[in-house]
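Have a look at the sequence and the model, then read on.

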Amino acid sequence: VTTTSRTIMRTIALLLAILATPAAAFAPVRSGAWVSTRSHTSPALSMADNLSEDEKRLNIANDDGDLKEQVTGDFKKIFVAGGSKGVGRELVSQLIASGCTVKCLVRSEESAADLKAEGAICTMGDAFSYKDVEEAMDDCDACVTTLGGATGPDGKRVDYKGNSNVIEAAGILGVKRLVLVTSVGCGDSKGALSDEAYSSLEAALVEKDKAEKMLVKFYSITTDWTIVRPGGLMTAPATGKAILTTDTTALGAINRADVASLVAKCINNKETIKKTLSAIDPSIETAFGNGNFGEAQKFDV
């Protein structure tokens with residue numbers, strides 16, 4: 001796609017975004033080696049029904065392979081939404097260590113100072129603002145969003161609004177690759193949780209599920225996406241034993257550092273395109289697990 005053509009597409013997309021509802025439905029079509037020609041119009045809840053047998057067996061082991069070889073192939077300038085804490089913060093460190101350029105959107109000077117010290121490029125702003133997200137993401141060729149939680153005194157959740165801004169900006173800017181980090185319990189993995197567990201997490205899961213559905217329904221042509229659904233998040237050093245699996249009934253715990261490592265590997269792993277994957281660590285014993293870690297579907301890449 002020439003610079004002139006890309007500029008025209010962006011202009012058209014911006015006009016449609018103003019005139020249409022939802023604006024996400026009119027993201028510009030772009031070309032590129034990673035754009036799939038397969039039709040993916042079904043929402044996240046029915047994705048598993050459309051997978052081939054090979055896809056159902058997909059399970060990427062978080063082994064001790066060279067992370068630098070995994071994440072610095074096609075995409076080297078990566079926007080990380082939610083990079084100031086949790087999984088996002090772990091991911092920023094890992095990507096920078098592997099040689100990638102990382103851009104982040106941050107709300108506080110303290111977070112900006114921390115990330116800049118690591119080597120990240122920071123833009124001040126708020127994920128609730130589409131304009132701020134687009135400005136921070138501009139000139140990147142891949143993006144990851146780990147946004148979640150309630151922010152501000154009014155308790156607004158960023159799980160849908162912030163993620164939808166990231167997804168829309170990726171479409172408008174022609175970003176080639178997007179990884180959305182949500183949670184086990186979204187979409188067709190709802191059955192992995194007990195009724196009690198789902199009820200306690202429902203406010204977050206409903207919003208995250210909306211973001212998943214928006215991505216799958218409106219951006220399957222323009223964006224090569226992957227959805228990663230971690231189990232119960234813990235803060236501890238990486239074990240290196242966490243896995244990704246298409247088993248929607250899998251449940252267990254996983255350290256944030258291991259989620260970040262799996263996400264980093266997904267970015268340049270073409271086998272994960274248009275996949276929704278649960279992230280679990282079978283080596284961690286928890287009281288809330290259901291005994292199924294998805295290991296039976298292991299598929300090394």
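Asp114 is partly exposed, with 36% relative accessible area (buried means under 20%, exposed over 50%, and partly exposed in between, using a 1.4 Å probe and protein chains only). Keep in mind that this is a predicted model, where local features need pLDDT of at least 70, side-chain atom pairs count only at pLDDT 80 or more, and totals for chains, interfaces and linings use all residues. Residues are numbered from 1 along each chain as its sequence is written, and side-chain values use heavy atoms, with hydrogens and water left out.

**Salt bridges**

- Searching the whole structure turns up ten salt bridges (a side-chain nitrogen of Lys or Arg within 4 Å of a carboxyl oxygen of Asp or Glu).
- Asp114 pairs up with Arg89 in one of them, at 2.7 Å from N to O.
- That pair ties together distant parts of the chain, with Arg89 in helix 4 and Asp114 in helix 5, 25 residues apart; helices (H or I, at least four residues) and strands (E, at least two) are DSSP runs, numbered from the N terminus.
- Arg89 counts as buried, at 14% relative accessibility.
- Lys208 and Asp159 also meet in a salt bridge, at 2.9 Å from N to O.
- Here Lys208 sits in helix 8 and Asp159 in the loop between strand 6 and helix 7, 49 residues apart.
- Lys208 is buried at 10% relative accessible area, and Asp159 is buried at 0%.
- Arg229 bridges to Asp188, with the closest N and O atoms 2.8 Å apart.
- This link runs from strand 8 to the loop between strand 7 and helix 8, across 41 residues.
- Arg229 is buried at 1% relative accessible area, while Asp188 is partly exposed at 21%.
- Salt bridges with shared partners also join Arg89, Asp114 and Glu118 into one network.

**Strand 12 and its neighbours**

- Six of the six residues of strand 12 (residues 275–280) are buried, so the rest of the structure largely encloses this strand.
- Strand 8 runs parallel to strand 12 and is joined to it by five bridges (strands pair if DSSP finds at least two bridges between them).
- Arg229 turns up again here, with Ser278 as its bridge partner in strand 12.
- Strand 10 pairs with strand 12 in the antiparallel sense over three bridges, and Ile243 stands opposite Ile280.

**Helix 7**

- Helix 7 (residues 161–173) is mostly covered, with twelve of its 13 residues buried.
- Gly174 follows helix 7 and has a positive phi, near 75°.
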